[in-house]
Amino acid sequence: MDKLDKKYHIWTAGCQMNVADSRRLGSSLEHLGYQYTEKAKDADVLVLNTCVVRQSAEDKALGYLHSIRPLKEKNPNLVINLMGCLVGVRGAEKLRKKLPFVDVFSPPSDSGPLIAYLSQDADYIAEANATQSRFALMDGEIIIPEHERGKLVSAFIPIVYGCSHACTYCIIPYRRGIEESRPLEEILVEARSLARQGVKEITLLGQIVDRYGKDLENGENLADLLRLLNEVEGIERIRFLTSHPNYFDVEVMHAVAELEKVMPHFEVPIQAGDDEVLENMHRGYTQADYRALIAKIREEVPNCSIATDIIVGFPGETDEQFERSYQLLGDLKMDVAHLARYSPRKGTVSQRRMPDDVPDAVKRKRFHRLESLQKTIASEINARLLGETVPVLFEAKVKGRWRGRTPTNKLVFVEADDDLRGLILPVRITWTGPWSMQAQLLKSSPEPIVLK
Ligand code: SAH
């Protein structure tokens, strides 16, 4: 496609799914001839890919939207596309009235409305793209925007869209729609295309990634998919998230243990350590079930790392109930804990039926207690790696140091002049902290040793 003298810019907030969607939308726009600009003010097409999982995320999206309004006033031809969870799958009629300066509204993971809009007033109708929705792609298609090509080492691939699990606090099912697995072949095509374009690591995404395939005719599951992806040439590492305790089965643990490229790291949120709170959240398991699951994972995949999510201050959460989250985190010693203060989201069951009765100050206090506990735990876990040799996949140079990750997803920084991007190299850990570590590159020969 010939290049247009027109530029696009994408502002992305929120989860990895949005990062994946923005990358794919960027390349769709480039298929139409648009060129990337890193400056919003230079754009002819400005996309806001938004998140509303908590009020703070929604405020951020609305804040950015209003900050770019003057750009539209200056340049009425600017196309503003609001995309993602602020829009949702249910149509944008109300938003359209509230935000008249937005030209196009797109549901999450859907490039269709913008591509259709742009195709109308440009002569450039790329047949496949004009009808494209949810990023179906053709074999061999370039799916990395030009400015990231050759630089992107690790890429996200959505494998399950939407979510059909009704956690009472969560807005995602309302905004992303019902669960829908992508066809297996389509995922393989995407993985192969990414590999050909230099990507070394893929992370498979789903709100409940273990539900992959439950709605597919042939009944393939996550373990089957992992086995097939393990064979993709050029892809060196495979990860997946997020797992739900109820659907995380032993077959996946076996796949992780057996498959060389699938990394021993799991993201399995518990959300709360008290059974009544878990029930009010409609999570579908008890804290004892969760403890048993973590023990089972550790038995099947020794030396793995595990991350969890915890919400503090859910409606009705007493001090005593909170202490059970604290206790659980202290007992299970997770590698990472993603913490959040409960944020009522309009339309969810908890927002409609359960008063947000834990004062903000209490939520903050609980948050900080868990945070400092986790800091100690993560420091201890990471300190065990001191002096060890581990293979690190290097992604980018940041402020003079190379950044990479270990198989267990620990962030590592290394001082090196060579170009390490995309290489997996053995390093010796020389310093560890709770959130990252430093290391020295080990080179026993002048050429970097590439570990498979
Ligand atoms: N589908 C995944 C992740 C969902 S969103 C899962 O079920 O675990 C990521 C995290 O945001 C959640 O794990 C949860 O901890 C947090 N979250 C979701 N809704 C929230 C809300 N209303 N208030 C505070 N945190 C929330």
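Predicted model: local features only at pLDDT ≥ 70, side-chain atom pairs only at ≥ 80, totals over all residues.
Q: What about Gln207 and the ligand?
A: For Gln207, a polar side-chain atom lies 2.9 Å from a ligand nitrogen atom.

Q: Which ligand atom does Arg283 go for?
A: An oxygen atom: a polar side-chain atom of Arg283 is 3.3 Å from it.

Q: You mentioned Arg283. What does His244 touch?
A: Arg283 is one of its contacts. Leaving out residues up to four places away in sequence, His244 touches His165, Ile208, Asp210, Val268, Arg283 and Tyr285.

Q: Where is His244 in the fold?
A: His244 is in the loop between β10 (237–241) and α10.

Q: Is His244 buried or exposed?
A: His244 counts as buried, because its relative accessibility is 3% and the cut-off for buried is under 20%.

Q: Now β10 itself. Why call it largely enclosed?
A: Because 5 of the 5 residues of β10 are buried, the strand is largely enclosed by the rest of the structure.

Q: Which side chains point which way there?
A: Arg237, Arg239 and Leu241 point one way from β10, while Ile238 and Phe240 point the other way. All of them are buried. In a regular strand, side chains alternate between the two faces of the sheet.

Q: What pairs with β10?
A: Strand β9 (residues 201–205) does, running parallel to β10 and joined to it by 5 bridges. Within that pair, Thr203 stands opposite Arg239.

Q: Switching to β3. How many of its residues are buried?
A: For β3 (residues 45–50), 6 of 6 are buried, so the strand is mostly covered. One side has Val45, Val47 and Asn49, the other has Leu46, Leu48 and Thr50, and both faces are covered.

Q: Which strands does β3 pair with, and over how many bridges?
A: Strand β1 (residues 7–12) pairs with β3 in the parallel sense over 5 bridges. Strand β4 (residues 79–84) also pairs with β3 in the parallel sense, over 6 bridges.

Q: Which residues face each other in those pairs?
A: Tyr8 has Val45 of β3 as its bridge partner, and Leu48 stands opposite Leu82 in β4.

Q: Helices next. Where is Ser27, and what does it touch?
A: Ser27 is in helix α1 (residues 16–31). Not counting residues up to four places away in sequence, Ser27 touches Ile142, Ile143, Ile144 and Pro145. A polar atom of the Ser27 side chain lies 3.5 Å from the backbone oxygen of Ile143.

Q: Is Ser27 buried or exposed?
A: Ser27 is buried, with a relative accessible area of 5%.

Q: Last one: is Glu258 buried or exposed?
A: Glu258, which lies in helix α10 (residues 250–258), is exposed at 53% relative accessible area.

Conventions. Residues numbered from 1 in each chain as written. Heavy atoms only, no water. Buried < 20%, exposed > 50% of the residue type's maximum accessible area, 1.4 Å probe, protein only. Helix = DSSP H or I, 4+ residues; strand = E, 2+ residues; numbered from the N terminus. Pairing = 2+ DSSP bridges. Polar contact = N/O pair within 3.5 Å; in protein donor to acceptor, adjacent residues only side chain to side chain. Contact = heavy atoms within 4.5 Å.
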